[in-house]
Amino acid sequence: MARRSARDIARRIVAFYRRHRRDLPWRRTADPYAIWVSEIMLQQTRVATVIPYWERWMARFPTVSALATAPLDDVLAAWAGLGYYSRARNLHAGARWVAGEGAGELPRTASGLRAVPGIGPYTAGAIASIAWGERAPLVDGNVARVLARLHGVEDDVKSTAGQRRIWALAGELMTALAATDAAGELNQGLMELGATVCTPAAPACPTCPLSGPCVARADHRQDQLPRLPARKAAAELRELATVALWIQRRGALLLARRPAGGLYGGLWELPQGDDATAAADAVGVRLRGPARAVGEHRQVLSHRRLRIALARAAVIGEPRAGDDYTAVRWSTPRAAAALGVSSATVALLALGKRAAAR
Ligand code: SF4
């Protein structure tokens, strides 16, 4: 990209952002912690979903140190329903790092931010450019789509070569930014363009500020770019079939917490196993008679399919943690849904409550 055209493109993106930016709550602050939280929540999640979560989160954990001193259970509970819980665990670990090694302050450069657990190149670029105006580029899915179409990038944008090319293009734009323009506006403008104009299907090219220089538009190849790795069809994904037990005593429901790391690490769920006996074993109890099937929950994740049969069971013995679960607790079915639980567990709780009401 010639430097002059890069400057022209950067100028168009900044002008677009100033005119069309959506008024989002995290855009009204320059607090790097608030921006960090918003960027992590926005990964894989729609803006409309994130807004109430972000507002509740900032009320509950208004500073890095408030988050660092909060128990992980409270953090996961505040995240409940947003999915991809490793993001909440990483935020918590990152806040603890800042409170300790960082002496309470987030590092003030993109390269320094990379030392914080859970902050990758994208998040570092976002915080550094938006909070402090550092000329740090960033690339997420929206930015990759805009730049791949704009420049007619033929590489798979998730491949190493494709990533290198897209990051280089983002870096060139940042370098070419006029002295009077803000790095945060360029980055947010690129993301805003990808989110609202250069959308995956049916991009609004006639209204796009980049329609003049855009290679994909000139070649009528918007639907072919960016190139992405082929996704596996749901039927090709490995299926994980388990049984979850609904064990109730005096109105309270038995929950067990998964070990940190791995699928749904650190979250609470109904005890599960390959079959009802194994599920009871996992929390150190024995079945009193056969478990009674209640229903089934199916869910497709990015890398596997889940099929969880729900069964009511009466058990003998006192539940305890062991190799499969790090803790057990009794909770009302209603309170259980407000703990740090996965969307699969939310669905199973609803299924169990419906069955109980029948
Ligand atoms: S002209 Fe169309 S394809 Fe090109 S960047 Fe704009 S919206 Fe995307």
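My entries follow, from the overall layout down to the ligand shell.

**Ground rules.** I'm working from a predicted model, where local features need pLDDT of at least 70 and side-chain atom pairs count only at pLDDT 80 or more, while totals for chains, interfaces and linings use all residues. Residues are numbered from 1 along each chain as its sequence is written.

**Overall.** I counted up the secondary structure and got 15 helices and ten strands (DSSP runs numbered from the N terminus: H or I of at least four residues for helices, E of at least two for strands). The C-alpha atoms fill a box of roughly 75 × 50 × 35 Å along the principal axes. I looked up burial too: 39% of the 358 residues count as buried (20 or more other C-beta atoms within 10 Å of the residue's own; exposed is 12 or fewer, partly exposed is in between, and C-beta atoms are placed from the backbone). Contacts here mean C-beta atoms, placed from the backbone, within 7 Å. Of those with a separation of 6 or more, 67% join residues 24 or more positions apart.

**Domains.** The assignment gives domain 1 (3–218) and domain 2 (234–357); such bounds come from an automatic or database domain assignment. Their centres, over C-alpha atoms, are 36 Å apart. Ten residues of domain 1 contact ten of domain 2. On the domain 1 side, helix 5 (residues 72–79) supplies the largest share, five residues. By class, that side has six nonpolar, two polar and two charged residues (nonpolar is Ala, Val, Leu, Ile, Met, Phe, Trp, Tyr, Cys and Pro; charged is Asp, Glu, Lys and Arg; the others, Gly among them, are polar).

**Core.** Which residues touch the most other members of the largest nonpolar core? I find Ile127, Leu147 and Leu245, out of 103 residues (a core is buried Ala, Val, Leu, Ile, Met, Phe, Trp, Tyr and Cys joined through C-beta atoms within 7 Å). Helix 2 (residues 32–42) gives the largest share, eight residues. Both domain 1 and domain 2 contribute residues, so this core lies between them. I checked Ile127: leaving out residues up to four places away in sequence, it touches Pro32, Ile35, Trp36, Leu106 and Leu113.

**Ligand.** I find 15 residues around the ligand, the closest being Cys198, Pro203, Cys205, Cys208 and Cys214 (near means a C-beta atom, placed from the backbone, within 6 Å). Helix 9 (141–151) and helix 12 (215–218) each give two or more residues to this shell, and helix 9 gives the most, three. The shell divides into eleven nonpolar, two polar and two charged residues.

Methods: Contact = placed C-beta atoms within 7 Å.
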